[in-house]
Amino acid sequence: MTALTIKDLRYKHNQHLILHDVQLELAPGKIIGLLGENGAGKTTLMRLITGSAKGKGTIEVNGATTAVTRKQQVSFTDHLNGFNSGIKLQQIVKFYQSVYPDFNSDRYQELSTFLNLDGQQKLAALSKGTREKLIIALTLSRQVALYLLDEPFSGIDSMSRKKIINSIIKWTPDNATLLISDHYVTEIAPILDEIVVVKDQTVSVHKGADEIRDQQGMELEDYYESLYAGGDTHD
Amino acid sequence: MTSSWSLFKAFSWPRFMRMNLLLGLELLAVVVTSLWTAIKGNFTTATLFYNLCAWAMLPLLVGFVMLAVNNEKTVRATTYRLLPISDWKFYTLNLTASLVNMIYLWLMQAILFALTLTLGWSTLTTGFNMSAMFFNQFSLSSGFWQAIAGAFLVIILAMVLVWSTISLIHFATNATAGFLPRFRQQFVNVIITIVVIYIAFRVASALIGMVSYLSSQLVNQGNVSSVWTSILVMLAVILVEGVINTLVLQKWVEPTLN
Amino acid sequence: MKFDDKVPIYYQIKQHVYHEMMTGALQPGAKLPAVRQLALDLTVNVNTVQRALSELIAEGTLVSQRGKGNFVTSDQELIARLKETLIMTQLAVAYDQLHGLNMSDDEIITSMQRYIKQREVQTDDSIND
């Protein structure tokens, strides 16, 4: 079974076409980079997979097709905007424990120790890097088939980035697939099995990372940039 | 799947804290105004009761609005919409959590009234023999209790009706983003809001009629059974709105971007 | 370890293992860390490490013992051959580049001898300092 299968996905918002004709199949047990310019539709694609955005077409995660059953199989880096800013980290963890039956508390403990998270701290008091670490810890503590990390590195320092990358390597379950979006390839290139590029309102490229290095003899970054070279030819 | 009970607790807890905050502020206001009365030298055992009467509506009103805002925020928060639970359960639990908290707020008010009333009973009864007579007259008749229960139900259903109507406007104006360009969406949303508010006003006027009928029945000690049919009508409207809301929620209402 | 993003990472991991074996950081018969630990140490994907290890096992450089982990081969002959291959690979790079400068084989040999002498003098100097 595939971790994710998308067929003929189409999404419009206010009559603007955001994504169309999206076809994508992801195998289990892979780490995949979701690349594309800002506003290309990376976040929208993730929201469509989680069921937050309502599009047309079929999305199947580990065999689950309806929005509700899909939500059981997908862990997404939510930015925790549903909480009051005065809430303590341990209360958020308690919330996750109570509403997600697949939440693994032991795993969370390991992750929070590794990432130096303090349960007594308040959500509003966290720096951007620490908040992102918390989000990663919560997201990876669920035991699901598909993890969606939406730009986990935007605007955070390199030490936090390293810690987060190491958590991903260490705590992504063996048969789970992890889709991680970013607009800088270089910082995540070594951990990627494959890349998926969202361009011209659709998934335009899906290739193995070592395949690109092997066959093209190119850095992922260069390859990615080459997709946009001479790119004013909008058709 | 997320269990309904867990989600109910998760929805209720922050709202419960807010209701308690409101109660705390109310108590503070009552105490401060009573102290002021004491400083002026007019303090009697009934002062607390009078001051409670003066303040009681405010937390109920603020609480009602707060919970309405909370209902709508919850629906638009990705944090909650990611949860693996069906949309009709989500919608019902959200509304129920607010309702339970609102009932809690009313209940606490009732307890506060009972306490201050007991405290000031002697002062109040010597001052107003009329009120004592009023209570004596009705307390034993079944019509009185029926009317009280009816009034309570009407209030509860009216609140739920207002909340679900707010959701209906909110959801409908949100759903139009899926179909219309931004400019036309705004135009259509204005129309939707006007139409729904118009309908809501009609329902509200019917409600006011019902309440006045109820109070007339209370005074005349008459039969209040026809109130129950009206309650059923309200319940039906709430259910219909609930079904529409759930469908719209499931198909078109997206949480806000992170 | 820093990776060159132009070269497949599994290939670079293999080179890294060879290098460690030559320097003695990985002794014959030594046990390698678990796959996930290696991935963590190198900050790379688990699958990539797995691929590199599979190839190393297939060629005999590593020996996989079921349930115990992966070990560096104790086969001295194989290690010697591996060393030979590595030396040849390095020399091939230097040779090809020098050849590209239109140098004849004799010229290459004499230049190389001259260079080695120079280096010896340099290292002696630095020791004397």
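1. **Secondary structure of chain B.** Chain B holds ten helices and zero strands. The model is a predicted one. Read from the N terminus, the element order of chain B is α-α-α-α-α-α-α-α-α-α.

2. **Burial and contact range.** Chain B has 258 residues, and buried residues make up 25% of them. Contacts in chain B reach across the sequence. Taking those with a separation of 6 or more, 84% join residues 24 or more positions apart.

3. **Domains of chain B.** Where do the domain bounds fall? Domain 1 of chain B covers 1-127, and domain 2 covers 141-258. The C-alpha centres of these two domains of chain B are 21 Å apart. Their contact draws 16 residues from domain 1 of chain B and 16 residues from domain 2 of chain B.

4. **The domain 1 side of that contact.** Which elements give two or more residues to the side of domain 1 of chain B that touches domain 2 of chain B? They are α3 (57-76), α4 (78-81) and α5 (87-119) of chain B. On this side of domain 1, α5(B) gives the most, with seven residues. By residue class, the side of domain 1 of chain B that touches domain 2 of chain B has nine nonpolar, three polar and four charged residues.

5. **Which chains touch.** Two pairs of chains are in contact. Of these, chains A and B share the most contacts. Chain B and chain C do not touch. The nearest C-alpha atoms of chain B and chain C lie 28 Å apart.

6. **Chain C against chain A.** How many residues does each chain bring to this contact? Chain C brings 15 residues and chain A brings 20 residues. On the chain C side, at least two residues come from each of α1 (9-23), α2 (35-42) and α3 (46-58) of chain C. The element that gives the most to the side of chain C that touches chain A is α2(C), with three residues. The residues on the side of chain C that touches chain A split into nine nonpolar, three polar and three charged.

7. **Points to keep in view.** For chain B, the record to carry forward is ten helices, zero strands, and two domains, 1-127 and 141-258. For the contact of the two domains, α5(B) is the element that gives the most on the domain 1 side. For chain C, the side that touches chain A has α2(C) as the element that gives the most. Chain C does not touch chain B.

Note on methods:
Residues numbered from 1 in each chain as written. Chains lettered and ligands numbered in written order. Predicted model: local features only at pLDDT ≥ 70, side-chain atom pairs only at ≥ 80, totals over all residues. Domains from an automatic or database assignment. Contact = placed C-beta atoms within 7 Å. Helix = DSSP H or I, 4+ residues; strand = E, 2+ residues; numbered from the N terminus. Nonpolar A, V, L, I, M, F, W, Y, C, P; charged D, E, K, R; others polar. Buried ≥ 20, exposed ≤ 12 C-beta atoms within 10 Å, placed from the backbone.
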